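Hi there,

Here is the structure I promised to send over. Have a look at it first, and then read on for my notes.

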Amino acid sequence: MKVQRLITVTGTAGVGKSRLARQVVEREQAAGGDEACWADLWQLADERMLAALVADACGLSDHTPRMPLDVIGQWIGERELLIVLDSCEHVLPACRRVVETLLDKCPHLTILATSREVFRLDDEYVVVVEPLPYATDAAELFLQRAGQMGVTPQPGELNQVTELCTYLDGLPLALELAAGALRHSSVAELLQRPRHDLHREETTPVRIPTPRRHEVLRTALGWSHELCTPKERLLWARLSIVLGHFDAPMAAALCAGGPLSARDVEVALAGLVDKSVVTRRGERYLLLDTVREYGRLWLTQLGELDTMATTHAAHFLSLARQADATWTSAEQSGWYRTIKDAHPDLCAALDYLLDHQVDDAVELATLTGFYWTCCGHAHTAQEYLARALQAGDSGQQAATRQRAVWALGLTHLLQGNHATGTELARQCLALARSDQDPSGLLRAAYLQAMSDLLQGNAGQALDLLEGALQAAHEDNGAAEQPAGHAMMMCRMLRLFALTGVGRLEESRDAATELRAECVAMGEHWIRSYTEYQLCVIALREQHGDAALEHARAMLASKQQIGDTFGIALGLDMLAASYSASGDGRSAALASGGGQRLWEAVGHPQRGAPDVQPLREFGENTARRLVGAGAYDTYHRQAAHADPAAMLAWAAGGEAPL
């Protein structure tokens, strides 16, 4: 029997394609089927971020200069994997290329796509989702949804329920919207409401024919719209500017103004949820793509599209500023996740600012660049930073442009592009010197020193960092503001250089001091690297138990902020630490788990050059402890185990084998 590797679930808008796909995935998972990755393509404004979004759905945190699609294909390789591409129709040509490439490269990959149009590819298996039978499934869904709304049609209305389901053609989304309207209208009143769409005025003599089901869905949306209060309608239109999920504070921040007060937004949002216009998921909300499209049409007719795009961009710029201002604080991990989750809206904000407010675009690209690079969106960070720097220079943002050059250099270094990174470090230094910016001088030193360290020049990096730190201290003694972040990062990198040149006691003392400061602030990113250096020192001094303690602490901090690159490095250190403490089986498990994450990160060097000897020591020692055959078995099992379960084991839980 032929195995279908591309399954396209197609049908009109609102027919329940995504719902069916989720049911299929849940059933497969319950039966022990293939690992599944779900990509919500409705978040995309266009095709540019498609590959990055698919990579994110697969858990890839790529740090290489390769094209994202190549990285995805290599990472999947021979794996048996299911990828769901939900809502492909608005980026269909790009999706077709992704699908063809991945199916060609990955022989055991299955792709399940939902789309209003099919791909028209060879071997595509098409599942057409038809509307629900009116008198049975459609009526059952309508009554179930009405019951969830606290509304139960009277016995005499049940015939009209069937009539309503028949008119709505059994479309699940239309039925849910109609059920949401029952709090404000009876079934009979709904049936008597006008049946027209947004594009047609009643006086228009000529009407362009449209598929009946499109018209039905627009009618259901129109019913919901007519039943909304004026403030709910305005909120619906304004919320359509958001691409991803949002919470109540974001709704208020974006949409309050004019006739909508913050309190009005709160009340109107509850009303839109009641009417099934806004979908609630926990404490967060979203507009389904069809509902958002309808709201965007109204936003355009209201003449507020450009105003809301400006407000949207300003909101996300403010968000990025807040994240940057509290980077070295207990809020760090929360902001890390917030910036990661806001990815589609940050991209949309940058696209708008690049066309309208270049200085703000440079600032937003700079503020998000570091986060994106750490989160595995190095390609995205690099693209927007380069576009922003090329877009023009008003001459009013010298410090911001210098920091943008720094962030761009960082993306190149972490991708292994040392020559480009070093050149950008030189430019960064020249800009900082011309502006006499203390923070800029420290950032330039950090970038150049990182390039030196990654190429094995620890002594050169140490001289550069110590000179920059000394100059910062001498510069009126107030380096903590505004150079505090850059100062701490240079101090952190100095630990690597000290260890690299063999000044272990000095490195240990400096790491212990810096770690204590990070603990007091609630900071995790720099703290994790102090633990990393303390682990390296303990391994060099053959203190296995101490190394284990520091490796676990490093992993805990990296998991707190979701840094996949750092977690992969932490598992390598855990493997070496287990070997040093005489536990070869655990060393093999940690190394296997680390290998899987390194594949997800795709880093060409797997950390700084001084890590490789420790990695080799750990593997050779573990092989002697348990035997080569047993080591390979444990390693292979861990490399194919669930990553979350492996991380739970690394934190002290049971091995999932």
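**His524 and its surroundings**

His524 touches Gln332, Ser557, Gln560 and Ile561, leaving aside residues up to four places away in sequence. Please keep in mind that this is a predicted model. His524 sits in the loop between helix 24 (504–521) and helix 25 (525–540). Is His524 buried or exposed? Its relative accessibility is 16%, and because the cut-off for buried is under 20%, His524 counts as buried.

Five of them form an open sheet in the order 2-3-4-1-5, and the pairing is parallel. Strand 2 (35–40) and strand 5 (124–128) are the edge strands, each pairing on one side only. On average, neighbouring strands of this sheet are turned by 15° against each other, with direction ignored.

Asp86, for instance, has Thr114 in strand 4 as its bridge partner. Helix 4 (residues 92–105) lies across strand 1 (6–10), strand 3 and strand 4, and runs at about 165° to strand 4.

Helix 10 (residues 230–239) packs against helix 13 (residues 289–301) at an angle of about 105°, and their axes are 7 Å apart. That angle makes helix 10 roughly perpendicular to helix 13. On the helix 10 side the contact is made by Trp236, Ala237 and Arg238, and on the helix 13 side by Val291, Tyr294, Gly295, Trp298 and Leu299. What kinds of residues make up the contact of helix 10 with helix 13? They divide into six nonpolar, one polar and one charged.

Cys228 is in no disulfide either, and the nearest cysteine sulfur, that of Cys255, is 14 Å away. With a relative accessible area of 4%, Cys228 is buried.

Notes. Residues are numbered from 1 along each chain as its sequence is written. This is a predicted model: local features need pLDDT of at least 70, side-chain atom pairs count only at pLDDT 80 or more; totals for chains, interfaces and linings use all residues. Side-chain values use heavy atoms; hydrogens and water are left out. Two strands pair if DSSP finds at least two bridges between them. Helices (H or I, at least four residues) and strands (E, at least two) are DSSP runs, numbered from the N terminus. Axes are lines fitted to C-alpha atoms, for helices over the stretch in contact, and angles run from 0 to 180 degrees between N-to-C directions. Contact means heavy atoms within 4.5 Å. Buried means under 20% relative accessible area, exposed over 50%, partly exposed in between (1.4 Å probe, protein chains only). Angles under 35 degrees count as roughly parallel, over 145 as roughly antiparallel, 65 to 115 as roughly perpendicular and the rest as oblique. Ala, Val, Leu, Ile, Met, Phe, Trp, Tyr, Cys and Pro count as nonpolar, Asp, Glu, Lys and Arg as charged, and the others, Gly among them, as polar. A disulfide is a pair of cysteine sulfur atoms within 2.5 Å.
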